[in-house]
Amino acid sequence: MRPLSVYIHIPFCVRKCAYCDFLSFPEDQGPGEAGKLQGRYFDALLAETDAAAEKLKRDSAAAVLVRCVYFGGGTPSLSDPERIREVLTRLEERFAFSEDAEISFECNPGTASCDKLQELRRAGIGRLSIGVQSFDDTELQLLGRIHTASQAVRCFEDARAAGFDNINIDLMAALPGQTRESLLGSVRQAVSLAPEHLSLYSLIIEEGTPFYERYAGEVPDPHFDRRDPDRADTGLSHLPDEITEREMLHAAWKELAAAGYERYEISNFALRGRRCRQNLTCWERGEYLGLGLGAASLLDETRFSNTRDLHRYLEAFRGSVPAEEKTLSGGEQTEPLSRIRENTEHLSAASQMEEFMFLGLRLTEGVREERFAAAFGRSVDEVYGEVLEKHIRDGLLMRADGRIFLTDYGTDISNYVMAKFLL
Amino acid sequence: MAESKKIRNFCIVAHIDHGKSTLADRLIEKTGVLTSREMQAQVLDNMDIERERGITIKSQAVRMVYTAADGQEYILNMIDTPGHVDFGYEVSRSLAACDGAILVIDATQGVEAQTLANVYLALDHDLEVVPVINKIDLPSAEPQKVKDEIEDVIGIEAQDAPCISAKVGTGIEEVLEAVISRLPAPGGEKSEPLKALIFDSVYDSYKGVIVFCRLFDGSIRRGMPVKFLATGASAEVVEVGYFGPGRFIPCEELTAGEVGYFTASIKNIADTRVGDTVTGVEKPCAEALPGYKKVMPMVYCGIYPADNARYGELRDALEKLQLNDASLFYEPETSQALGFGFRCGFLGLLHLEVIEERLQREYDLDLVTTAPSVVYRVYKTDGEMIELTNPSNLPDPSSIDYMEEPIVSGEIMVTTDYIGAIMQLCQERRGKYLSTDYIEQTRAVLKYELPLNEIIYDFFDALKSRSRGYASFDYEIKGYERSNLVKLDILINKEQVDALSFIVHADGAYERGKKMCERLKEEIPRHLFEIPIQATVGGRVIARETVKAMRKDVLAKCYGGDITRKKKLLEKQKEGKKKMRQIGSVEIPQNAFLNVLKLGDED
C-alpha cells in the first residue's frame, strides 16, 4: 500500500486578514456572486478529485491508502457543510482510507455556528483546527480577524459539544504591540481549554499584505546588524524587537511544556499521540496530493502545484461529466489536470537529501540517521559530515540516539543552519 | 601612398558626453566606409566597457576617403583619443599624431572644464582647432550663446562653426568640408630618414605587437629594419597598412604625413612605448620627436582572486591585459587576509575600474580589491627614501622621519550657484585654494591644489552630487609635498586586516576610522557571536562598532505549499555565503573590501 495525505484548499474568506498572504479571496471580492462561485468551485473540486484519483490509479502500481485529509484555506468553515460531505464522500469512493484516517478541518471562530460544527462532525470531520490567533481583542482587531476572544472560546466549547475530541488552536506571537504578558495570557487561556494540539506561530510580515505596508521597515534583518533609518524616524516601533520576540516565545514554550504539550516542531505542540498527521507528512517527506486552487503536491518525488488563477481552475473542469454518468475514458477524464498543474519539479537525489534535512530538522526530534541511509543508500556523514561536525561544535545541532536535531539556539536561527545542508 | 596635401590627420576633442563618439560614427558612415546597417553604434569604441560607459580607453584610428565639394578625393585619418584625465599622456601623444582637431561642444552645455583642458592641450601641440556645435536638435540648444562663449573663453573664432546634430545626422557634410578647408595638410619629407610617432599599440597573438604610428618624415615598408629610440629595441618590419574601420588593411608603404600601423614580430609591448619615435636602422633620423615620457602608475591597489585556487588564472589574465596596456603594472604580493594576489598600478581610478571590470568580464574572475592607494614617499631617519605603494609595508613609525604625498593642480568649472558647495568640498578634501576666474557672469573656474589621495575614491561623485551635475573637473599631477600622514588599521574581532589598512592625513584619521567602522558594521553579516570592529592608529583605538550576534532566523511556517519557496530562500542564503572571505573566525563578503571605501558624500 502507498500511504497518501490529501490536502484540499478552500480559497474563500469573509474578508482578508491584514497579515495573511495565503491564497484566498474575500467573499465580496470574488468575480460574480459569491454563493454561485463557491458552488462552481466545489463542482470543480469534485471533478478534480475524480481526475486525480484516475491518474494516480493509472500511474501507480501500488494501491493508494489515504491516511489523512486536511481542509485548509482560506476559511473552509465558511462553506456549506453539505458540500464538504460531498467532497469527503467522493474521496472515499475514489480512494481506500485507512481505518484510523485523520480528517482535519480549519475553522474560523467567526463562521462556525453550533449547528455547522455538528453537521461537519456528522459529515466525517474528526479533527478541528480553530484559528484563534489571540485571546486579546485588541490584538485580534489589529490582525483584522472577524471574531472576538469570547467568540473563540464559545466556538471551542461548541466544538467539544459537537463531539470533536481532537482540536487544535492556532495562536500567533510577535504581534505588533504584543507583550510577553499578553502572549502568555493567550497561551494560558488556550491551555485552560485543553486542546489536544496547539500551533504557535511567530508573525511573518509577508509582502503584499497590509502589514507589510505598515511594518516592513521594522523587521530586523536576520543577517545584518543594520540600522534602518526609516525605523529610527517613525517613532512607531510596534513590532517586538528580535530579542524580546525570542524571549516571549521561549517563555510561551516553557508554559506549554509545563502544561504537558510537547513542542514536536518549530511552531507545533501536541499532547501525546496527537501530532498532526498532515503536517508530519510534509516534514517527513511523505506523499501528499493537493486538490483545489493553488494546492501543492509531492508524488513520485515530483513537486507540483495547481494554478493560483481561480478562473483558469474553474474553466479547466467546466462541463466535466458528473461521476455517476461517467462515460469518459480515463484519458479524457484526467486531461484537465494538465491545464491546472504547474511548477512541476522532479527532485534529484541531491534535492531529496536537502529536503530530507531541512524539513526533518524542523522536527524537535530531528532526522533519523537510519532513515537517511535507508532512503539514499549513503550515510548522513558521508554526505554532510563536515557540516554536521561544524554545527555541533558551534552548539547549533546535537546528535544522540541515532538522531540529529537542532539545539534551542539552533532552532532560533534554523534558517542559518538549514541553508548549510543545501548541496 | 597618398599625396600629402590630400591628407588630413585630425582628432576629435570634447568633454565627456558632448557627442564625440557619435560624431565619429557619423563621419565614418558619411564617407561610406561602412553603411549604417553594418555599423554597431560607436564603431571606434571597441570594448564592451567603452561602449557601455561611453568612454574611450584605447586610442583608435580610422582612415576615411571623402570626395569633397571641390571634386577632389581626400584621405581623412581620424584618431580617437581616450577621453579621461587618467589617460592624459595617451591623449597628448594622440594629439601629437594629428595636424588638427575638431572641437565638439554640446549646444546645451557649452564649454566645460575638460573642453578647456583638451583645447589647451590641442593648442599646445600647435593643432588647428575647428569648433563644432553639437546637439542642436535639443530644445534647450543655444548655439549662438555657445559660439560666443567659445570665442570669449577659448579665444578661437567660432561664428561660422558648423551647427550639427550627430545623433540625427544633420550637418555632417559641413564638418567634413571644414576639416578639408580649415585643417592643414601634413608637412614632412618622404626623402628624409624615417621619423614616426607611436601613439598606441595593441597585441595580436599571431602578428605580435601592432604599432600605431604617424609618419612625420620618410617612409616605412615591409622588410625594413627599424628601431625604437627610447627603448632601444629594433625589429624588421613584416607588414605595413592603414586602418579600415574595425580592421587592418595592409598596403605597400606608408610615407610622410600618413597614419597607419606596422608589425615586426615584436613580442613585448613594452618595447613599443606610446610616445616613442620609430626610425630606420640604416638611415636613422637625427633626433627623436619631442615629448616622450615613461608613464608611471599613480594609483595602486591589491587585486586578489576570490577563489585562491584561481591565482594562476589571474596572473595569466593580467599578463594578457598588459600586452595591450603598457601602463598597467603588477607584481605578486601576499596578504594575510586575502592570500596570494597582485599589487597593481594604474594611471588613475578609472583605469583601475576598467581593468577590474575586464578581468571580471573577459576572464570571468571573481576579485577582491583592496583600498586604492597613491604612491607615498617615506623618508626614513637613516636617510633612505621608500616609494610606498602598499600601506601594509609602511616601516615602523619610529624609523620614519617624514612622509610626502602627491599633489594635483585641479580646475573645477562650476556655475556660480554651486561655488560655495564646491569650495566646501575642496576644503574638506584638504584642498589649497588658488584662485577663482569668472568665465562669464554665471560660471567660474576654481583652481585648487588637492592631495591625490583625496580625489581617488569618490571625489568625482561628490562633485557631481554637490553641484547637481554642473561641475566638471580636470587635474594634473603637480608634485610631492610633505604631509602629516598616519596609517589607519582596522581590526575585526581583534584581528588586524591588512587589506583594509590605509594611509590618511592625521587630521582626518578619526573621521575616516569612524566611517570605516560604521560601514563595516553594515557590511559584515551577523555571526553566532558578537564582532567588535575597531579602527586604530599606531595601536591606539580611535573608533569602534559592534556587530550583534545573530538572534533570530527562523521560518515559523513551512507546509506543503511553502517548501519550494523555503528552499529558494535557503539557496539565496547559501549563495550569499559563497562570496565570503574568512578573516580569523569572521566571514566577510568580498565586496565589503571595496564598499567600505566608497564613503558616500552624504555620510
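Me: Which residues of helix α3 of chain B are buried?

Reply: A residue is buried if 20 or more other C-beta atoms, placed from the backbone, lie within 10 Å of its own, exposed if 12 or fewer, and partly exposed in between. Helices (H or I, at least four residues) and strands (E, at least two) are DSSP runs, numbered from the N terminus. In α3(B), the buried residues are B:Gly88, B:Glu90, B:Val91, B:Arg93, B:Ser94, B:Leu95 and B:Ala96. Helix α3 of chain B (residues 88-96) is thus mostly covered, with seven of its nine residues buried.

This is a predicted model, in which local features need pLDDT of at least 70 and side-chain atom pairs count only at pLDDT 80 or more, while totals for chains, interfaces and linings use all residues. Residues are numbered from 1 along each chain as its sequence is written, and chains are lettered from A and ligands numbered from 1 in the order in which they are written.

Me: What covers the buried residues of α3(B)?

Reply: Cover is read from contacts: two residues are in contact if their C-beta atoms, placed from the backbone, lie within 7 Å. For the buried residues of α3(B), the covering elements include β1, β3, β4, α4 (113-124), β6 (195-204) and β26 (472-483) of chain B.

Me: In what order do the five strands of the open sheet in chain B stand?

Reply: Strands of a sheet pair through backbone hydrogen bonds, either parallel or antiparallel. Two strands count as paired if DSSP finds at least two bridges between them. In chain B the order of the open sheet is β2-β3-β1-β4-β5, with mixed pairing. Its edge strands, each pairing on one side only, are β2 (60-67) and β5 (128-134) of chain B. Direction ignored, neighbouring strands of this sheet are turned by 30° against each other on average. Within it, β1 (residues 7-14) and β4 (residues 100-106) of chain B run parallel and are joined by five bridges; B:Ala14 stands opposite B:Val104 of β4(B).

Me: Which strands of this sheet does helix α5 of chain B touch?

Reply: Axes are lines fitted to C-alpha atoms, for helices over the stretch in contact, and angles run from 0 to 180 degrees between N-to-C directions. Helix α5 of chain B (residues 143-154) packs on the sheet against β4 and β5 of chain B, its direction making about 155° with that of β5(B). Helix α6 of chain B (residues 172-182) also packs there, touching β1, β2, β3 (73-80), β4 and β5 of chain B, and its direction makes about 165° with that of β5(B).

Me: At what angle do α1 and α6 of chain B pack?

Reply: Angles under 35 degrees count as roughly parallel, over 145 as roughly antiparallel, 65 to 115 as roughly perpendicular and the rest as oblique. Helix α1 of chain B (residues 20-30) packs with α6(B) at about 85°, the axes being 10 Å apart. Therefore α1(B) and α6(B) are roughly perpendicular to each other. B:Arg26, B:Leu27 and B:Lys30 of α1(B) make the contact with B:Ile172, B:Glu173, B:Val175 and B:Leu176 of α6(B).

Me: At roughly what angle do the axes of α2 and α3 of chain A cross?

Reply: The axes of α2 (residues 81-94) and α3 (residues 114-123) of chain A cross at roughly 10° and come within 9 Å, which makes α2(A) roughly parallel to α3(A). Here A:Pro81, A:Ile84, A:Arg85 and A:Leu88 of α2(A) meet A:Lys116, A:Glu119, A:Leu120 and A:Ala123 of α3(A).

Me: How many of the residues of strand β7 of chain A are buried?

Reply: In a regular strand the side chains alternate between the two faces of the sheet. In β7 of chain A (residues 167-173), seven of the seven residues are buried, so the strand is largely enclosed by the rest of the structure. A:Ile167, A:Ile169, A:Leu171 and A:Ala173 point one way from β7(A), whereas A:Asn168, A:Asp170 and A:Met172 point the other way.

Me: Which strands of chain A pair with β7(A)?

Reply: Strand β6 of chain A (residues 127-133) pairs with β7(A) in the parallel sense over five bridges, and A:Ser129 stands opposite A:Asn168 of β7(A). Strand β8 of chain A (residues 197-202) also runs parallel to β7(A), joined to it by six bridges; the bridge partner of A:Met172 in β8(A) is A:Tyr201.

Me: How many residues does each chain give to the contact?

Reply: Chain A gives 39 residues and chain B gives 25 residues. Helix α18 of chain A (residues 414-419) supplies the largest share of the chain A side, five residues.
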